[in-house]
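Work through the two exercises below with the sequence and coordinates at hand. Each task is followed by a stepwise solution.

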Amino acid sequence: MNTIDDKIVVKEYFNATGFDRWRRIYGDGEVNKVQLDIRTGHQQTVDTVISWLEADGNLSGLSICDAGCGVGSLSIPLAKAGAKVFASDISEKMVDEAKDRAKESLGNTDNLTFAAQDLEGLSGKYNTVICLDVLIHYPQDKAAQMIAHLASLAESRLILSFAPKTLCYSLLKKIGELFPGPSKTTRAYLHREADIIKILEDNGFSIQRSAMTSTRFYFSRLLEATRQ
């Protein structure tokens, strides 16, 4: 029996059909109702993270790694606020799109660096490491390895979002698999919040803030953990 390599599946998806789908969702053009709902939910998660960082009062000059940056929805506003941002994504097409959006929005991108790179290949040290809406692509064992690696890069703080595994959301995921065409849910893994917290604690982090974004078709648990 062949073993599925989730990383290869994710990379191929976001460099092919997935790129056009998610570029539209994370853009401002016309999309269907399901995609609009997902766009709204994702933006709410991004806005929550930005509000947390702004509330601390030291965003300007802060070193941040945006792991799994997509088209730059978080990286670009953080750089605009003065943070020094390193943003990466497994998809070359996503990174190219993010670069174009950054140039259009910022002009000068000296404090924003993009790289096409998978999470396991990331290196360096950052005050804050952020990884939004990426865990949904990894099963529990791979997620634990990924979080441990991201934790090793974070000097002070790690912010993660994930789709929580509850009976309600598991049912919604099953329903989403029945939708036709572009509304159909993509391959996704749900995670129990207690499991994610345990992984963070095992890597020397404790939860400081949390939030939940829940729309009709987008649901994401957001955790901020700081080094103990």
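**Exercise 1.** In which crossing, left-handed or right-handed, does α2 pass α5?

The model is predicted: local features need pLDDT of at least 70, side-chain atom pairs count only at pLDDT 80 or more, and totals for chains, interfaces and linings use all residues. Residues are numbered from 1 along each chain as its sequence is written, and side-chain values use heavy atoms, without hydrogens and water.

Step 1. Take helix α2 (residues 17-25) and helix α5 (residues 92-106), where helices are DSSP runs of H or I with at least four residues, numbered from the N terminus.

Step 2. Their axes, lines fitted to C-alpha atoms over the stretch in contact, lie 10 Å apart at an angle of about 30°. The two helices are therefore roughly parallel (under 35 degrees between N-to-C directions, on a scale from 0 to 180).

Step 3. The crossing of α2 past α5 is right-handed, that is, the near helix is turned clockwise from the far one by less than a right angle.

**Exercise 2.** Characterise the aromatic pairs, whose ring centres lie within 6.5 Å (six-membered ring for Trp).

Step 1. There are two such pairs in the structure.

Step 2. Trp22 and Tyr26 are 5.5 Å apart centre to centre with 45° between the planes, a tilted pair (stacked is under 30 degrees, edge-to-face over 60, tilted the rest). Both Trp22 and Tyr26 are buried (under 20% relative accessible area, 1.4 Å probe, protein chains only).

Step 3. Phe86 and Tyr126 have centres 6.1 Å apart and planes at 20°, so this pair is stacked. Because Phe86 lies in strand β2 (residues 84-89) and Tyr126 in strand β4 (residues 126-131), the pair ties together parts 40 residues apart in sequence; strands are DSSP runs of E with at least two residues. Both Phe86 and Tyr126 are buried.

Methods
Angles under 35 degrees count as roughly parallel, over 145 as roughly antiparallel, 65 to 115 as roughly perpendicular and the rest as oblique. Buried means under 20% relative accessible area, exposed over 50%, partly exposed in between (1.4 Å probe, protein chains only).
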